[in-house]
Each structure stands twice: as C-alpha cells, then as structure tokens.
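Student: Can you walk me through this one? I'd like the layout, then a few details.
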Amino acid sequence: MSSNDRVSVVVTGLGATTPLGGDVASTWSAMLAGTSGVRRITEDWVNPLPVKIAAPAAADPAAEVGRVQARRLDRCEQFALVAAREAWADAGSPTVDPWRLGVAVTSGIGGIGSTIAGYDTMRERGWDRMSPYTVPMLMPNGAAGWISIELGAKAGAHALVSACASGAETIGYGIDMIRSGRADVVVAGGSEAAIMALNISAFAVMRAMSTRNDEPERASRPFDKGRDGFVLGEGAGVVILESLSHAKARGARIYAVAAGAGYSADAYHISHGSPDGAGVAFAISSALRDGGISPSQVAHVNAHATSTPEGDPLEARALQSALGSAADGVIVSATKSMTGHLLGGAGAIESVATILALRDRTAPPTINLEDLDDEVTIDVATKARPLTPRAGSDGPMAALNNAFGFGGHNVTLAFTEYIPKES
Amino acid sequence: MTDQEILAGLAEIVDEIAGVPADEVTPEKNFVDDLDIDSLSMVEIAVAAQDKFGVEIPDEQLKDLKTVQDVVNYVSKNS
C-alpha cells in the first residue's frame, strides 16, 4: 500500500505514572516547570554502592491497584496497569470489539524485583514459600497480559524487548497492528521498576551511571559538559492508538497522528552506540519516510539523551545528519534531565511528552544544561519553548521521539498534529 | 481449636490473599465457583493455613478441598 491508502493511526488517550507525578497532568505540568524527580536514596541497601541517587515514582502503584493485585503484580506491572487505566479512561473507555482490541505493553527488564524476592524466599524459607505468582510477576510480558485481561483485549497482547528502546519499539508494533488490519484500537506503552541494588550495581559497574550523589537534582544533565552518566527512574507511559476511521466514527478526541516509526540496529557493540551515528540517523530517516514527513516539518525532538558522556553528542550528530539543513530549526528536549532514565518505560513516557508538546505547541525544558557540550550544535531547549510550524514546511507540524537500547537498537517514532480533512 | 476458630482464621487468610471480605467466607462457599479464587491463590492459602494451623495439606488433599467447610473439617481432623 502507498502511504495514501494506508490506515492512518491516531492517538486518542494518554496515561503516565512517573517520577514527576502519578498521572499525565501532574507529570506534564512538573515537566514544563522544569522539576527534577531525582532524589537521594535513603534505604540501607544503597550504602555499599557508588550510586546513591535515583528518580522514584511520585505515586505508589500498589496503593492504586489495591492490596490483592499488589500481591500478584510486580511493581512494573502495577505501573503499567495504572497508566493503562488512565489512558483508557482518557480515551473515553471506548466500546471496541474484543477481537479488534490489542495490547502492546512491555518492560525492558521485566519483574526483576519479583525475581530477586523469589530467589531470596527460595533460599531462606524454601521453594514452597515462594509466591505462586512469581512467574507471571517476573515475565516481561506480564503487564501486557494483565492489561488484556482487565480490558478484555483479545486481538493479541505483545511485549517487544529491546532494552531502553523497548517502550518505543512496542508502540511502533502497536501502530503496525492497526496498519496491518489486526486491530482498531491498541493500548501501547512501556514500564519499568528497577530501582534496586542489583540493577544499580550492574549499570554502575559498566560506569554508565551518574555518581553526582551530593546534588541529586543536578545529576541528570543531558548535553551538558558536566554530565557523568544516567540516573535510573521508574514508572510507565501508555498511549491509546486507534485507526483514524474508528476514532472519527466514535467522535474521539484526537491528540496527534502516530505517523511513522523507524528502526535500525547498530551491529557494532553490545552496549556502545556506533560513533558514526549512522544507525540512529537511519532510524530517524526511516521514521520520516514511513510517516511521509519532510525534515522541514519537524519542529521538535524528544531526544533519547540519557546524560552519558558518549551517547548525547552521538545522537546530536545523528539528528543533524538525518535532518540535514532542516536540523537548524528543530527544538530538542531531553526530558530525562527531569525523569531520569526509565529504561523500557523511557520511550513510552517520552512519547507521551512528545504528543503533549505537539498538543500544547510547547517543548519542555532540558534542566541542568548550563554549559552545552562543544560537540553539540543542535538547539536544545533549556526552558519551555513555544513550537511553531516552520516556515516553508508543507505539511502538519511533526515531532520525533528517539529511543535507543543496549544491543544496538535504535527506534524513532514520528507524531504529527492532526488536521481534520474537509470531506 | 473449635471449628468456629478455624473458620475465623481461614477467613482471615482468604481475605489477606484473595481480597474476599472475611464475612463472605462462610462454610458452604466453594472456593472456585463462589469466591472466585484461582488455583495459584489456593496454593498460597494452603501454605498460609499450614503455617497458621500447623497442619500439613499435601497437594493430593488440596484438590479435594472444594469448600470452606472442607478445609475446616480437614484442619479440625488433622490438628
């Protein structure tokens, strides 16, 4: 099919629970205000570790889902369920044929807290004292399963895993489910709950994390010269994807068009991005091509930018290479400066932020950017900035969300403003 | 331990694990059909009951304990 007769996919609902707020509204207002969600970790387990900071979720998901579900769902599944419920309600809790309703919600790691707790219980108290829900709690597809059960979604429940690109990749899969005719509506997103000693140690031993322990709120500083690694965050983001015809038929409020997705693999190193940025540039170009978007339509990019010394300038170079001369008019935001890095949840909450940036025509700030890296020549917003359709562009305003993951995964999602057609 | 005490203790466990209000856990109730408790939660309930009442409930027994009264009887007989 050509892009003209292909099924258009739109976003009709948003949900999020993040270090900045327990829902979309509180997250977005804190983000626009430039609030940091990073805190000093006060639990004893952090004492022997070099990293003593993280961005914990603002709202306890266990309180939201209730006592019984809190026993059966890993924290990452609880986050996903909370965000899915919000997104579903935000979309107007539509009536959908169960066989036309899909779920694509993932996690980068899965229920690692339940894995660790199960192992501890097995060693200390015996195998028969483990929770019989241990397996459904540790599997990375658990959230997709629970959400499908809650909503009666029978078109398929999927969880693509690509480390920190998982959330974005799974939203891309959700778009494909609708385009390919498998579903009319898909609940799509990503979640993570990994703030615990094992994960922080494992990332710290790679020297990937910030150790700015004495200034937690200043630790995540993408594109700044003083950046020294990422800060681990937790939470979930979910979007409701819907075919345009289905959304119009029920009179749904449309946030944006989920116009395109682009993918690549670096095929270079298991945890380092290829320095030439060719893989990232390919993903960006592919998303634009897939969405029929010209570089001059792109007003905003929510960058992957995790605040690592190596990754941020690489992404900036790739943006420049993919967008060419049009890169000069793009306003880039790195919201991990506020939320920390949600791993498999990152691409999902950043998609929510990208869609809201289009809705409000406002790019959120990148906090802690005091001294721009000399290698970075793109325009990074340090304060909330207005977005305007670019002069000379011939289509709706577009915004991109980048997400990259260990393994060499690069994903770009492209969203555009929805402009109703006269017909 | 009287049957009444066993029932009260069991109701507490079912409330804690499956979220069924204790006053709904009455002798004639079937765990699956009436209380909507799945086989995974039954395993948890059995382990908690073993700890609370000091009575071992082997798997082959567990599958025959269909109602609240069945468990009360089993605990009463074996404690």
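Tutor: Start with a term: domain bounds here come from an automatic or database domain assignment. This is a predicted model, where local features need pLDDT of at least 70, side-chain atom pairs count only at pLDDT 80 or more, and totals for chains, interfaces and linings use all residues. Residues are numbered from 1 along each chain as its sequence is written, while chains are lettered from A and ligands numbered from 1 in the order in which they are written.

Student: OK. Which domains is chain A divided into?
Tutor: Domain 1 covers 9-249 and domain 2 covers 261-416. Their centres, taken over C-alpha atoms, are separated by 21 Å.

Student: How many residues of domain 1 of chain A are in contact with domain 2 of chain A?
Tutor: 61 residues of domain 1 of chain A are in contact with 54 residues of domain 2 of chain A. Two residues are in contact if their C-beta atoms, placed from the backbone, lie within 7 Å.

Student: Which element gives the most to the side of domain 1 that touches domain 2?
Tutor: α8(A), with seven residues. On that side of domain 1 of chain A, the residues divide into 30 nonpolar, 22 polar and nine charged. The classes: Ala, Val, Leu, Ile, Met, Phe, Trp, Tyr, Cys and Pro count as nonpolar, Asp, Glu, Lys and Arg as charged, and the others, Gly among them, as polar.

Student: How many helices and strands are in chain A?
Tutor: Chain A has 14 helices and 15 strands. Helices (H or I, at least four residues) and strands (E, at least two) are DSSP runs, numbered from the N terminus.

Student: What share of chain A counts as buried?
Tutor: 61% of its 423 residues. A residue is buried if 20 or more other C-beta atoms lie within 10 Å of its own, exposed if 12 or fewer, and partly exposed in between, with C-beta atoms placed from the backbone. As for contacts in chain A with a separation of 6 or more, residues 24 or more positions apart account for 80%.

Student: Back to α8(A). At what angle do α8 and α14 of chain A pack?
Tutor: Helix α8 (residues 166-179) and helix α14 (residues 346-360) of chain A pack at about 65 degrees, with their axes 5 Å apart. That makes α8(A) roughly perpendicular to α14(A). Axes are lines fitted to C-alpha atoms, for helices over the stretch in contact, and angles run from 0 to 180 degrees between N-to-C directions. Angles under 35 degrees count as roughly parallel, over 145 as roughly antiparallel, 65 to 115 as roughly perpendicular and the rest as oblique.

Student: Which residues make that contact?
Tutor: From α8(A), A:Ser166, A:Gly167, A:Ala168 and A:Ile171; from α14(A), A:Ala346, A:Gly347, A:Ala348 and A:Ser351. By class, this contact of α8(A) with α14(A) has four nonpolar, four polar and no charged residues.

Student: What about A:Arg179: buried or partly exposed?
Tutor: A:Arg179 is partly exposed, because 19 other C-beta atoms lie within 10 Å. It lies in helix α8 of chain A. Leaving aside neighbours within four places in sequence, A:Arg179 is in contact with A:Arg6, A:Val7 and A:Val9.

Student: Where does A:Gly142 lie?
Tutor: In helix α7 (residues 142-151) of chain A. A:Gly142 is buried, with 27 other C-beta atoms within 10 Å. Not counting residues up to four places away in sequence, A:Gly142 touches A:Asp74, A:Glu77, A:Gly111, A:Pro136 and A:Met137.

Student: New topic. What does the secondary structure of chain B come to?
Tutor: Four helices and zero strands. The radius of gyration of chain B is 11 Å, close to the 12 Å that the globule rule gives for 79 residues, so chain B is as compact as a globular protein of that length. 30% of the 79 residues of chain B count as buried.

Student: How many residues does the contact take from chain B and from chain A?
Tutor: Six from chain B and seven from chain A. On the side of chain B that touches chain A, helix α2 (residues 39-53) of chain B gives the most, with four residues. That side of chain B has four nonpolar, one polar and one charged residues.

Methods. The radius of gyration is taken over C-alpha atoms; the globule rule is 2.2 Å times the number of residues to the power 0.38.
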